[in-house]
Amino acid sequence: MATTEKILDFNSVWEYSPAPESTDHIKLDDKYDLFINGEFVAPKNGKYFRTENPATGKKIAKVAEASKADVDNAVRAARTAYNKYWSKMPAKERSKYIFRIARIMQERSRELSVIESLDGGKPIRESRDIDIPLSAAHFFYYAGWADKLEYAFPGRKTKPLGVAGQIIPWNFPLLMAAWKIAPALATGNTVVLKPAETTPLTAMKLAEIIQEADLPPGVVNIITGAGETGRAIVNHPGLDKIAFTGSTVVGKYIQKTLAGTGKKYSLELGGKAANIIFEEADIDQAVEGIINAIFFNQGHVCCAGSRLLIQEGIADEVVHKLKNRMETLIIGDPLDKKHGYRSYQFESPIKKNKRTCLSRY
Amino acid sequence: MSNNGRMVLSDFINPPPVDQIGIEERVARLNKRSIKKKSKISALKLALSMIDLTTLEGKDSKGKVRQLCNKALHLHDSFPDLPHVAAICVYPPMVPTAVECLSGSNVKVASVATAFPSGMTSLQTKLSEVRRVVRMGADEVDMVISRGAFLRGKYKFVFDEIASVKEACGEAHLKVILETGELNTLDNVRLASDIAIGAGADFIKTSTGKIQPASTQPVALVMMQAIRDHYFKTGKKVGLKAAGGISNAKTAIQYLVLVKETLGVDWLTPDLFRFGASSLANDLLMQILKQTEGVYQSANYFSKD
């Protein structure tokens with residue numbers, strides 16, 4: 001029995017109504033400065049850049065562009081905080097601060113979700129159900145670890161490393177910040193974090209939360225900017241470690257730059273993964289797996305399943321069912337709660353090409 | 001496939017495996033679709049038009065069947081532009097009454113048959129019951145499969161029985177009740193669906209309503225996948241009837257979402273999707289009135305049966 005090429009009609013009748021998430025409750029400033037030493041300070045060179053809503057192309061706010069001098073200040077503040085407070089503080093005291101950050105994030109989760117979707121174009125369903133709750137969960141998790149590190153590494157004495165420079169991408173803006181900041185703080189380090197220039201707003205909201213949580217000044221510094229700012233962080237002699245998530249090209253640059261300096265680094269780079277499907281699989285479930293793997297977060301995931309390896313006997317059937325399933329993807333305004341996928345024009349500063357992007361389910 | 005184009009049992013003795021967790025996740029995901037305002041009203045009316053208004057009780061009387069037929073034709077006359085339900089579903093002795101009350105209307109008469117709900121009788125008795133209800137004017141026959149035989153692995157017996165009933169139906173439409181509450185696993189649901197479809201079912205139906213659990217969304221989704229796969233293979237559209245346990249509008253709409261996103265909008269018609277229910281109609285009516293008038297009416301304003 002040959003598989004047909006039939007594509008079902010999923011859309012011509014009974015359209016779902018729009019279900020827009022309200023944006024009334026969020027408060028955004030016109031301009032965001034750099035968060036250095038516990039305070040918001042203007043950039044030394046006075047330069048700002050726009051951050052836009054990628055769904056509409058409209059400006060949301062101006063964000064400071066940190067220059068080398070600002071990076072210097074941030075690193076100095078982090079070093080002082082490390083020497084003066086954070087490395088000396090008993091672990092269980094550190095964990096109280098981290099718990100506090102987690103709790104405030106939870107309290108402000110609705111606001112953070114909407115801002116994440118506004119600034120990054122991520123469907124509200126994903127930012128609301130995944131990014132923001134997971135971000136808070138990471139702070140909770142690492143808060144719990146802070147005073148138990150000896151159990152994590154039995155027989156070894158753990159000690160903090162120093163000041164970490166952290167550079168994160170735009171695919172999971174707040175979640176990436178949580179992944180980078182929470183473990184660094186739990187293990188007694190201080191940080192200078194640079195969010196992606198296209199998605200800086202939730203990081204700046206996190207700076208507000210850190211201020212509200214009353215962390216000692218300089219323990220977390222968040223500075224915004226593009227490639228030049230990142231370069232200044234990577235090349236800064238005052239840092240003990242660089243943590244980077246992003247493109248392979250930049251990762252290689254970091255490796256070359258840091259070679260021989262004795263600085264530590266961790267790199268989480270792009271890797272595209274294969275879906276492997278054998279013929280005894282539940283094909284409908286495999287198709288769901290493919291959809292999740294490649295369309296989750298518009299496919300902007302370091303391990304997005306961008307290749308299909310299918311046992312020959314079922315190849316046509318899988319492709320046919322996948323085509324049908326893709327017809328049911330709902331594409332549109334990221335702030336519409338029913339949308340699994342957004343369509344938006346994204347001017348990537350790295351690739352410099354306009355492309356239409358999708359997301360999940 | 002046999003020479004005359006009809007399927008034989010060996011065509012589906014090896015159905016695809018069903019991943020239960022995956023099915024449940026997909027259902028949970030689809031339940032989050034936001035149906036409001038205009039799309040809600042059209043869904044409510046659509047669901048109303050898909051109901052097999054059912055009374056299947058030992059105490060059923062001609063009077064109750066007449067009342068039910070009257071309701072089928074006049075759901076809520078004070079509210080304009082409401083559809084009528086798809087069919088009335090009754091026990092065999094009530095078929096003549098229903099046929100008489102509904103003559104001249106588009107509401108179909110469905111009768112359960114084959115020793116509903118257990119199916120515990122001989123094939124001969126089942127076939128004569130089917131012939132009798134068809135002769136009395138039933139447009140649709142709701143049969144039950146022999147679950148005991150199915151669970152013992154006697155798939156050929158089940159297949160042949162359905163095929164014989166289909167033949168006895170003649171022009172009448174055959175709905176095959178799998179009684180999924182007794183089949184234990186989703187893999188069994190899929191296999192039973194494939195067997196019923198292959199043996200000639202016009203509709204496959206989840207449950208009798210006499211066994212718990214009755215219709216559930218994961219079960220319905222698996223049956224939809226069987227229907228869709230059959231359509232892909234043969235181009236023939238088989239219908240689905242979800243029966244039992246669907247008593248409110250919200251659940252009904254969730255089923256419609258499953259249909260829309262699994263089988264597509266071609267199945268969003270009473271010809272290919274039905275709800276077997278008794279109290280669902282009133283809840284749909286209450287919701288429709290609420291959508292237009294802004295407030296809920298008292299249940300006292302709607303007929304009980």
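How are α8(B) and α9(B) oriented to each other, oblique or roughly parallel? They are oblique to each other, where oblique denotes the angles left over once those under 35 degrees (roughly parallel), over 145 (roughly antiparallel) and 65 to 115 (roughly perpendicular) are set aside.

This is a predicted model, in which local features need pLDDT of at least 70, side-chain atom pairs count only at pLDDT 80 or more, and totals for chains, interfaces and linings use all residues. Residues are numbered from 1 along each chain as its sequence is written, chains are lettered from A and ligands numbered from 1 in the order of writing, and side-chain values use heavy atoms, with hydrogens and water left out.

Two packed helices are described by the angle between their axes and the distance between the axes. Helices and strands are DSSP runs numbered from the N terminus (H or I over at least four residues for helices, E over at least two for strands). Axes are lines fitted to C-alpha atoms, for helices over the stretch in contact, with angles running from 0 to 180 degrees between N-to-C directions.

| Helix pair | Axis distance | Angle |
|---|---|---|
| α5(B) (residues 123-135) and α7(B) (residues 155-169) | within 9 Å | roughly 25° |
| α1(B) (residues 20-30) and α9(B) (residues 217-234) | within 9 Å | roughly 105° |
| α8(B) (residues 186-198) and α9(B) | 9 Å | about 40° |

Contact means heavy atoms within 4.5 Å. Helix α8(B) contributes Leu186(B), Val189(B), Arg190(B), Ser193(B), Asp194(B) and Ile197(B), while residues from α9(B) include Pro218(B), Val222(B), Met223(B) and His230(B). This contact comprises nine nonpolar, three polar and three charged residues. Here Ala, Val, Leu, Ile, Met, Phe, Trp, Tyr, Cys and Pro count as nonpolar, Asp, Glu, Lys and Arg as charged, and the others, Gly among them, as polar.

The axes of α1(B) and α9(B) cross at roughly 105°, which makes α1(B) roughly perpendicular to α9(B). Ile23(B), Glu24(B), Arg26(B) and Val27(B) of α1(B) meet a set on α9(B) that includes Pro218(B), Leu221(B) and Val222(B).

Among the contacting residues are Leu127(B), Val130(B) and Val134(B) of α5(B), and Val165(B), Ala168(B) and Cys169(B) of α7(B). The contact of α5(B) with α7(B) divides into seven nonpolar, one polar and three charged residues.

**Interface and salt bridges**

The contact between the chains takes 32 residues from chain A and 39 residues from chain B. About 3,000 Å² is buried between chain A and chain B, with carbon and sulfur atoms giving 58%; buried area is the accessible area (1.4 Å probe) that two parts lose on being put together, summed over both.

A salt bridge is a side-chain nitrogen of Lys or Arg within 4 Å of a carboxyl oxygen of Asp or Glu. The whole structure holds 42 salt bridges over all chains, and three salt bridges are counted between chain A and chain B. Arg228(B) and Asp284(A) form a salt bridge through their side chains (2.6 Å, N to O). Within chain A, Arg108(A) pairs with Glu208(A) (3.1 Å, N to O). That pair links distant parts of the chain, 100 residues apart: Arg108(A) lies in the loop between α2 (91-107) and α3 (109-120), and Glu208(A) in helix α7 (residues 201-212).

**Backbone features of chain B**

Most residues other than glycine have a negative phi, and most peptide bonds are trans. The loop between β3 (108-112) and α5 of chain B contains Pro117(B), and the peptide bond from Phe116(B) to Pro117(B) is cis, with omega near 0°. Thr114(B) lies in the loop between β3 and α5 of chain B and has a positive phi, near 60°. A cis peptide bond also joins Gln212(B) to Pro213(B), with omega near -5°; Pro213(B) is found in the loop between β6 (203-205) and α9 of chain B.
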